[in-house]
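Biologist: I would like to go through the charged side chains in this model. Please take the questions one at a time.

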Amino acid sequence: MTLHKLSAGDGYLYYTREVASADELRSPDRKLGDYYTVTGHPPGIWGGRGAKNLGVQGDVTEEQMELLYGLGQHPLAGQMDPVSGEKIQAQLGQRYKRFDQFDGELAKKINTALGDFTRLKHREPTADERRVLRAKAGGEHFYKLHGRKPKNKEELSQFISRQTHKGSNAMAGYDMVFSPSKSISYLWGVSDRKVQEVIEKAHHEAIEDAMKYGGHSSKSDSIT
């Protein structure tokens with residue numbers, strides 16, 4: 001399992017951009033629901049004690065992610081509670097803290113480049129690869145703003161540092177990615193459908209057990 005912080009505000013957009021779209025970059029004219037007809041990771045599903053307390057289940061929708069992780073509101077805000085028959089209120093508790101910070105366009109480009117690398121290579125970039133990706137994105141952004149290339153590496157490094165600096169950011173939750181070991185993936189791949197279903201059931205039960213320690217939703221890696 002890998003663990004990453006999920007920032008409040010627009011931190012959830014990565015999931016609607018790639019994960020919830022079957023790990024494929026979504027074109028403007030393609031609807032989120034199209035992930036059912038394309039290959040890649042399956043959509044996220046609600047699970048854990050938090051989801052039960054909020055009354056959410058099944059696939060995690062884009063609207064629910066915006067409400068909960070973007071705005072800090074109930075993911076079913078505005079809908080009718082089937083138990084009480086009353087409209088579900090948006091407020092869950094205190095609002096996410098808002099910090100004044102530089103809205104770094106370059107930081108977004110770098111994060112996108114790193115995310116694309118991980119998605120395509122199926123691994124995190126090394127320190128050297130991260131530096132290369134940052135430098136490439138930084139050089140392109142420098143040229144966009146100044147109409148010339150950086151004079152040297154020092155100028156580029158200082159530029160990247162200034163453009164990507166930002167203050168503290170509220171955290172909306174944690175992103176937990178559960179992946180079975182390679183031996184389990186291989187067994188699933190060479191087995192018939194009956195055995196595959198047993199493996200999948202065990203995989204999802206293990207995820208549910210882990211999520212009982214806390215959290216609202218997760219993305220489960222596909223068996224393949």
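Biologist: Is Arg-148 buried, partly exposed or exposed?

Modeller: The model is predicted, so the answer rests on computed values. Buried means under 20% relative accessible area and exposed means over 50%. Arg-148 has a relative accessibility of 33%, so the class for Arg-148 is partly exposed.

Biologist: Which residue does Arg-148 meet in a salt bridge?

Modeller: A salt bridge needs a side-chain nitrogen of Lys or Arg within 4 Å of a carboxyl oxygen of Asp or Glu. The N to O distance is 2.8 Å, and the partner of Arg-148 is Glu-155.

Biologist: How many residues apart in sequence are Lys-144 and Glu-105?

Modeller: These two side chains form a salt bridge, with the closest N and O atoms 2.8 Å apart. Lys-144 lies in helix H5 (residues 127-146) and Glu-105 in helix H4 (residues 105-121), so the pair ties together parts whose separation in sequence is 39 residues.

Biologist: Which residue forms a salt bridge with Arg-193?

Modeller: Arg-193 is partly exposed, with a relative accessible area of 43%. The closest N and O atoms of the pair are 2.9 Å apart, and the partner is Glu-200.

Biologist: Which residues do salt bridges with shared partners join into one network?

Modeller: A search of the whole structure finds 9 salt bridges. Those that share partners join into one network Glu-105, Lys-109 and Lys-144.

Note on methods: Residues are numbered from 1 along each chain as its sequence is written. This is a predicted model: local features need pLDDT of at least 70, side-chain atom pairs count only at pLDDT 80 or more; totals for chains, interfaces and linings use all residues. Side-chain values use heavy atoms; hydrogens and water are left out. Helices (H or I, at least four residues) and strands (E, at least two) are DSSP runs, numbered from the N terminus. Buried means under 20% relative accessible area, exposed over 50%, partly exposed in between (1.4 Å probe, protein chains only).
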